[in-house]
Amino acid sequence: MTVTLGGVAGLLAAIALLILVGFLAVPLYKLGKLFDSMRETVDEIGDESVPILTELQGTVQATNVELTKVGVVTDDAAKLSGSVSTIAENGAQLSNLMTTAVGGPIIRLTAFVHGLRLAVGQRRRRGERRRARGPRPDRADIVTRTDLEPR
């Protein structure tokens, strides 16, 4: 068999192609393992997510029930707040009415009683001063005959 230059070149090209395929086979094998690992991970996530989603669905339903109850409570609180506001307004109006109707006369009565107390206190003090000075002289003793004569 005769070996020609073209045959040697073809043989070298075949060997280079074989080496290139050998180098590319290792990354392709690792890439295949990566895809297998990803497929297993996706399967596990799918298997584990179904119970989690079922539990989450129950939690959401329970939360909706509780939110409905909270809505009822807040509606009742709003009604109660409106009632309290009305009661407070009525109380303020009643207070103003009582101040107008009763406050003025009470102030006048208090002022009268205070004035009466002052007057009684002054009379008592005058009486105490008179008693301290001694008995009151008779008017007949004070007025003399000379005072009665014309001038």
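**Exercise 1. Which residue forms a salt bridge with glutamate 66, and how far apart are the closest N and O atoms?**

Solution. The model is predicted.
- Step 1. The partner of glutamate 66 is lysine 69, and the closest N and O atoms are 3.7 Å apart.
- Step 2. The criterion asks for a side-chain nitrogen of Lys or Arg within 4 Å of a carboxyl oxygen of Asp or Glu, and by this rule the count comes to one salt bridge.
- Step 3. Both glutamate 66 and lysine 69 belong to helix α1; they are three residues apart, about one turn of the helix.
- Step 4. Buried means under 20% relative accessible area and exposed means over 50%, with partly exposed in between. Glutamate 66 has 44% relative accessibility, so this residue counts as partly exposed. Lysine 69 has a relative accessible area of 47% and therefore is partly exposed too.

**Exercise 2. Determine the secondary structure of the protein and how much of the chain is buried.**

Solution. 
- Step 1. The protein has three helices and zero strands, which gives the pattern α-α-α along the sequence.
- Step 2. Helix α1 covers residues 5-133.
- Step 3. The protein has 151 residues, of which 2% count as buried.

**Exercise 3. Locate the nonpolar and charged patches on the surface.**

Solution. 
- Step 1. A nonpolar surface patch of about 880 Å² consists of Leu17, Leu20, Val21, Leu24, Leu28, Leu31, Leu34, Phe35 and Met38. One of these residues, phenylalanine 35, lies in helix α1.
- Step 2. Asp36, Glu40, Asp43, Glu44, Asp47 and Glu48 form a negative surface patch. Aspartate 47 is located in helix α1.
- Step 3. Is aspartate 47 buried or exposed? Its relative accessible area is 60%, and the cut-off for exposed is over 50%, so aspartate 47 is exposed.
- Step 4. A patch of positive charge on the surface gathers Arg123, Arg125, Arg126, Arg129 and Arg130. Within this group, arginine 129 lies in helix α1.

Notes:
Residues are numbered from 1 along each chain as its sequence is written. This is a predicted model: local features need pLDDT of at least 70, side-chain atom pairs count only at pLDDT 80 or more; totals for chains, interfaces and linings use all residues. Side-chain values use heavy atoms; hydrogens and water are left out. Patches are made of residues with over 30% relative accessible area and no salt bridge: like charges are joined within 9 Å, nonpolar side chains (Val, Leu, Ile, Met, Phe, Trp, Tyr) within 5 Å. Accessible areas come from the Shrake-Rupley method with a 1.4 Å probe; for residues, only the protein chains shown count as cover. Lys and Arg count as positive and Asp and Glu as negative; His and the chain ends are not counted. The place of a charge is taken as NZ of Lys, CZ of Arg, CG of Asp or CD of Glu. Helices (H or I, at least four residues) and strands (E, at least two) are DSSP runs, numbered from the N terminus. Buried means under 20% relative accessible area, exposed over 50%, partly exposed in between (1.4 Å probe, protein chains only).
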